[in-house]
Amino acid sequence: MNVSALLTSVGINTGLCAVLLLLYSILRKQPSNVNVYFGRRLASMHLKHNDPFWLERFVPSPSWIVKAWKTNEEEILGIGGMDAVVFLRIVVFSIRIFSIAFVICFLLVLPVNYYGKEENHHKRISSEQMEVFTIENALDSLSRIIHYNLLSLPSSLLCKYEYKSISQMRLAHITGSPTNPSHFTVLVRALPCSSEESYSDSVKRFFTNYHASNYLSHQMVYRSGRVQKLMTDAEKMYMVIKAASIEQNCKPSLMQHGLCGQPADSFNILPSEDGSVSGKAVVNMDMGKSTKESAAAFVFFKTRYAAVVAAQVLQFSNPMLWVTNLAPEPHDVYWSNLCIPYKQLWIRKIGTLVATIAFMFVFLIPVAFVQGLTQLDQLQQTFPFLRGLLKKKYMSQLVTGYLPSVVLILALYIVPPVMMLFSAVEGSISRSGRKRSACIKVLYFTIWNVFFVNVFTGSVISQLNVFSSVKDIPTQLAKAVPRQVTFFTTYVLSSGWASLACEVMQIFSLFCNLFKRFILRNKDDSSSGALSFPYHTEVPRILLFGFLGFTCSILAPLIVPFLWVYFVLAYFVYRNQILNVYVSKYETGGQLWPIVHNTTIFSLALSQIIALGVFGIKRSPVASGFTFPLIIGTLLFNEYCRQRFLPIFKTNAAEILIEMDRKDEQSGKMEEIHRQLRAAYYQFTVASHELSKFECLSHGAKKSSPDPKNVNPGNEPRQQNGSQTVRCNLD
């Protein structure tokens, strides 16, 4: 493929991104779209908007970019939690890495590659083949050694710096956050069945006997899927009615009142009082006939340290009974999976692993089709009737430069939902654990199909032949990767640039909102369906592009500027989405970063293995001798980080937990914590506008905010009639 085909893809994706971003800057100002582009702000406070018509609402502006730039990390932490901060640090880490790569590649690598062979007769840049910019044109072994050493050292140093910084942030988050009920709670599964006593009595007897000094109480998990669904639906309905009542009370109008001063065509909304049913945070239910005890329970301990010890120690001589784990946060519990028999979990994990591998091989079909599109000669031989059409210059550039990446992107859209289903079947006890498991599956899936399959094959059969000899893998990679760099570059443009523009546009939510307003005639701006951040799709995408950058930037440096632009644009887009769209429903304390570190190390090691293949092809033993220590050093660095930082993300330090326990005991808070522990993990709840204290604490510190009455685009916050009215600026 020549440079002109790449420029065609660049032009199409640049135009698409520009149009979508300009359209977004207009649509976000429209009051009718406030629930699409400001879902988080709607969920955190009850809003009502005026609908004035002013010309400024229809003029594009970069104000959202300025707002995203000015927001500091502390504000992001208060709004989205530590997971959001860690996610943005992934983007910043990538920007730093590829800023260094940008300078190295364009000042050193690209000129060396382009002018490496004196016998080359260079054409006009747009007519050049992409191969002249790759490492195949490097003149001698010394230049190739420089190629691979320049990026490894800064990448390792930055990786260590970020790992250390985020580890410290995690420790500060644990100590600085309000009391978390999950620190006192242990989930116990695989309870032994007894005909003489119930599960609840068995739990009480066991922990009273073996943990008498630290055991506080317990809460059983019940088998009641239908009841839980009804209660969840009731909770959503309650929130909708509550929001509607507030909106109704905020609409004073003389035209609504009759002669006696009461509304003529509406009903009164009674206030929620402490004794009313809607004001209760927990509704007791008769669980005699509608529910049944499951072989799982939440056990509460008097101190955090006692809970951690109980969770990590083997409780019974049979490891398949009385299995303990630290409980997830109350809002993070995946209740339906707690009823799964513990003995089934290993079977489920093997089954999902087999299903994931089978799905990866089934996905070879669309990938092979995509590779067929990149080979113009093969495409003309397979479909002779297309020869006349493909002889047109623009059409051939479109088919080979843009269409393959678009087809692959459309096929990849089905992957995250499938992996989320597999992760749920595995039996994860928390929603965040399910999403983290899906994130890892999607990451492995995309790296395999987007990189390895596309590198090694134009068909399924040739791909299988490549792996017949393991020792030839470095050589095959060294030959194949430079040939596929053009496809990877167009993939960055289509799946990277365009996906960010679609992300900020929220196309699906926008169409749903338009359908609701203009087809169903529903003008309600309820935020009950506010979205949580899709870490399981966005983290793998960013890591995939980082992986492509590490493996391809030195081989073919033309990919670097497109990656750098993607990460810079991602920085602004994701900050905007965290500030305005996505709601933080649970917190993992930054446990995504070990995934990032492992992927970075794998990318570095693979790039160095590819270097060995390149030096083998060029018959450069000196260069190979310099590369072997580099690989060993990378693996030793990974082991150091695994020993130094990874345990911080796996469990909490006893030092920190004991200090927190002492602080609560000295301040007299421990008794209040003990009284509220049981209510925190009550399985059947109807949430009111005022959540219980623990439900608020489990999300972290929430800054109190005034009750806003209006959202009026373009106006600043102001005082009105002695009470504060917040008018959110949508510009």
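The chain holds 30 helices and six strands. The model is predicted.

Q: What percentage of the 731 residues in the chain is buried?
A: Buried here means under 20% relative accessible area. Of the 731 residues in the chain, the buried share is 51%.

Q: How are H12 and H18 oriented to each other, roughly parallel or roughly antiparallel?
A: H12 spans residues 345-362 and H18 spans residues 415-426. Their axes come within 8 Å and cross at roughly 160°. Angles over 145 degrees count as roughly antiparallel. H12 is therefore, relative to H18, roughly antiparallel.

Q: Is the crossing of H12 and H18 left-handed or right-handed, and which residues of H18 make the contact?
A: The crossing of H12 and H18 is right-handed. From H12 come Leu345, Arg348, Lys349, Thr352, Ala355, Thr356 and Phe359. They meet, on H18, Val415, Val418, Met419, Phe422, Val425 and Glu426.

Q: What length does H18 reach from its first C-alpha to its last?
A: H18 has twelve residues. At 1.5 Å a residue, 16 Å is expected. The model comes close to that, with a reach of 17 Å.

Q: Which helices are included in what covers the buried residues of H18?
A: The buried residues of H18 are Val415, Pro416, Met419, Met420, Phe422, Ser423, Ala424 and Glu426. Their cover includes helices on either side of H18 in numbering: H11 (335-338), H12, H17 (403-412), H19 (431-456) and H23 (535-552).

Q: Which residue just after H18 takes a positive phi?
A: The phi angle in question is about 105°. The residue that takes it, just after H18, is Gly427.

Q: Which residues of H21 make the contact with H19?
A: H19 passes H21 in a right-handed crossing. H19 brings Val450, Phe451, Phe452, Asn454, Val455 and Phe456. H21 brings Gln476, Leu477, Ala480, Val481, Gln484, Phe487, Phe488 and Tyr491.

Q: How many residues of the contact of H19 with H21 are nonpolar?
A: No charged residue takes part in this contact. Three of its residues are polar. The nonpolar count is eleven.

Definitions and conventions. Residues are numbered from 1 along each chain as its sequence is written. This is a predicted model: local features need pLDDT of at least 70, side-chain atom pairs count only at pLDDT 80 or more; totals for chains, interfaces and linings use all residues. Side-chain values use heavy atoms; hydrogens and water are left out. Axes are lines fitted to C-alpha atoms, for helices over the stretch in contact, and angles run from 0 to 180 degrees between N-to-C directions. Helices (H or I, at least four residues) and strands (E, at least two) are DSSP runs, numbered from the N terminus. Angles under 35 degrees count as roughly parallel, over 145 as roughly antiparallel, 65 to 115 as roughly perpendicular and the rest as oblique. A crossing is left-handed if the near helix is turned anticlockwise from the far one by less than a right angle, and right-handed if clockwise. Contact means heavy atoms within 4.5 Å. The expected span of a helix is 1.5 Å times one less than its number of residues. Buried means under 20% relative accessible area, exposed over 50%, partly exposed in between (1.4 Å probe, protein chains only). Ala, Val, Leu, Ile, Met, Phe, Trp, Tyr, Cys and Pro count as nonpolar, Asp, Glu, Lys and Arg as charged, and the others, Gly among them, as polar.
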